Amino acid sequence: MQRNQLYHKVLVYLNSLTFIEDSDFTNLFTGKKPNEIVLHLDPNQIIEDDFLGAKISWINEDKTLVLKIRKADKRRVLRPYLQHIHSVSDEFDDKKRGLKLHVNVVDHQGDRKERWRSVPFTHPSSFETIAMESDLKNKVKSDLYSFAKAKQYYHRLGRVWKRSYLLYGPSGTGKSSFIAAMANFLSYDVYDLDLSKVSDDSDLKFLLLQTTTKSLVVIEDLDRYLSEKSTAVSLQGILSFMDGILSSSCGEERIMVFTMNRKDHVDPAILRPGRIDVHIHFPLCNFTAFKTLANSYLGLKDHKLFPQVEEIFQNGASLSPAEIGELMIANRNSPSRALKTVINALQTDGDGRGALNLGRGSCENGSRKPVEEIGEPSGVFCKEGANAVKELKKLYGFLRVKSCRKSQSFDLNSRQNEG
Ligand SMILES: Nc1ncnc2c1ncn2[C@@H]1O[C@H](COP(=O)(O)OP(=O)(O)OP(=O)(O)O)[C@@H](O)[C@H]1O
Ligand SMILES: [Mg+2]
């Protein structure tokens, strides 16, 4: 069920040989760079190679590569030749290959072949372009970096070398852009798993088995699938997918990323430590994030309207970074007009939105909201005074510490607010 890595390496090696250009049949493809043309072996070709004085030929037939070598040379040459192929193809892969985005498709034939389709991954998002508290951003970066270097550490512990992130927050707050930034930061491929196209639990296992090492395996909107039951996969299937038991058999070094709008309605089993290692909250826009957006979208470091914008944020109004970004792009030729439009939108939509989406649960029924929804800087308690907000943040900050201890998982948002 797994992809044969040696087959892939030999193919890369053979495709890198210069005499491909001289062969009778080669397939031509456009490459990633402008004007680049890439040559690929045509099936049924015989490829001649020589190594340490031995003549070697490869026959490429029906997805099988047959190696022919004289018996007299075999013992002397075969092992070093295969090692040579390994190192050449690794080098070639690193240099040539751009990142890929893989998406799963419906298995119409039921034969489980070619379940992933891929296209070049060219999303321009980076950590620099995401508006987010810089402290939090740096924590995520160093977390990713130390994960990528921790192979020995995970093995010593007898653990699968994987790490799982939950990105949660309202729509348009940058979760998908953040995933792209993670992939670009690590140079990992992205496997974007659409649960509605998975036929059952075993299909899900199979899809995971077909992912490659150094990849981000992503399930967006997991809370929606679970609440709408719009997938044929069972909760148990998702849990074992998250545990990634099987991924240990195919190379590891995977990062799983799940996104949700809210995490308070999902089964706690999904969120337990080990299944989700890092929780990152994506809030609606606050004044700091607004300034980052104004800088990148309008080139503004400061403006006479900023104090007014700050005041509106302090009063609790907020929109998502996506909404604010759109207003800025639409008015990018006139920064003053852009800011006035944003102010206007914050005063109208912003107020209503904050109260509707986030404030209502905590204000109206008086019950304690789950910790992650409370204390976020972007206007949950939009109708309360600033002091009241501070007091509540302190209280819920305390609760959050307790809840973190209990769960032992790593909530970057909480830590950021605590520290
Ligand atoms: N924090 C942010 N910093 C910079 N740009 C942002 C941010 N949040 C959103 N945007 C911009 O808004 C658009 C939508 O963002 P994105 O798709 O990442 O949001 P999302 O949280 O994944 O939303 P949804 O939950 O609806 O999928 C993107 O073009 C992105 O550039
Ligand atoms: Mg998204």
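This is a predicted model: local features need pLDDT of at least 70, side-chain atom pairs count only at pLDDT 80 or more; totals for chains, interfaces and linings use all residues.
Just after H5, Ser187 takes a positive phi of about 55°.

The buried residues of H5 are Lys175, Phe178, Ile179, Ala180, Ala181, Met182, Ala183 and Leu186. An α-helix has 3.6 residues a turn, so residues three or four places apart point the same way. The cover over the buried residues of H5 includes one helix, H3 (134-148), together with the strands S8 (162-168), S9 (189-192), S10 (215-219), S11 (254-260) and S12 (278-281).

## The protein as a whole

The protein contains 15 helices and 13 strands, and of its 419 residues 45% count as buried. Among the contacts in the protein with a separation of 6 or more, 69% come from residues 24 or more positions apart. The protein exposes about 22500 Å², of which carbon and sulfur atoms supply 51%.

## Met260 in strand S11

Strand S11, which is part of the cover over H5, is also the place of Met260. With a relative accessible area of 0%, Met260 is buried, since buried means under 20% relative accessible area. Met260 and Asp221 are 39 residues apart in sequence, yet their C-alpha atoms are 4.7 Å apart in space.

Not counting residues up to four places away in sequence, Met260 touches Leu166, Leu167, Tyr168, Gly169, Lys175, Leu222, Asp223, Val266, Ile270 and Leu271. One of these partners, Lys175, is itself among the buried residues of H5.

## Helix H10 and its two partners

Helix H10 (residues 287-298) packs with helix H11 (residues 306-314) at an angle of about 145°, their axes being 10 Å apart, and the crossing of H10 and H11 is right-handed. The contact is made by Phe287, Phe290, Lys291 and Ala294 on the side of H10, and by Phe306, Val309, Glu310 and Phe313 on the side of H11. By class, the contact of H10 with H11 has six nonpolar, no polar and two charged residues.

H10 also meets helix H12 (residues 321-330), where the two axes come within 10 Å and cross at roughly 30°, and the crossing of H10 and H12 is likewise right-handed. Here Phe290, Leu293, Ala294, Tyr297 and Leu298 in H10 meet Pro321, Ile324, Gly325, Met328 and Ile329 in H12. The residues of the contact of H10 with H12 divide into nine nonpolar, one polar and no charged. Phe290 and Ala294 of H10 take part in the contact with H11 and also in the contact with H12.

## Gln308 in helix H11

Gln308 has its place in helix H11. Gln308 is partly exposed, with a relative accessible area of 35%, because this class lies between the cut-offs of 20% for buried and 50% for exposed.

Gln308 touches Ile343 and Gln347, when residues up to four places away in sequence are not counted. Although Gln308 and Ile343 are 35 residues apart along the chain, their C-alpha atoms are separated by 8.0 Å.

Note on methods
Residues are numbered from 1 along each chain as its sequence is written. Chains are lettered from A and ligands numbered from 1 in the order in which they are written. Side-chain values use heavy atoms; hydrogens and water are left out. Buried means under 20% relative accessible area, exposed over 50%, partly exposed in between (1.4 Å probe, protein chains only). Helices (H or I, at least four residues) and strands (E, at least two) are DSSP runs, numbered from the N terminus. Contact means heavy atoms within 4.5 Å. Accessible areas come from the Shrake-Rupley method with a 1.4 Å probe; for residues, only the protein chains shown count as cover. Axes are lines fitted to C-alpha atoms, for helices over the stretch in contact, and angles run from 0 to 180 degrees between N-to-C directions. A crossing is left-handed if the near helix is turned anticlockwise from the far one by less than a right angle, and right-handed if clockwise. Ala, Val, Leu, Ile, Met, Phe, Trp, Tyr, Cys and Pro count as nonpolar, Asp, Glu, Lys and Arg as charged, and the others, Gly among them, as polar.
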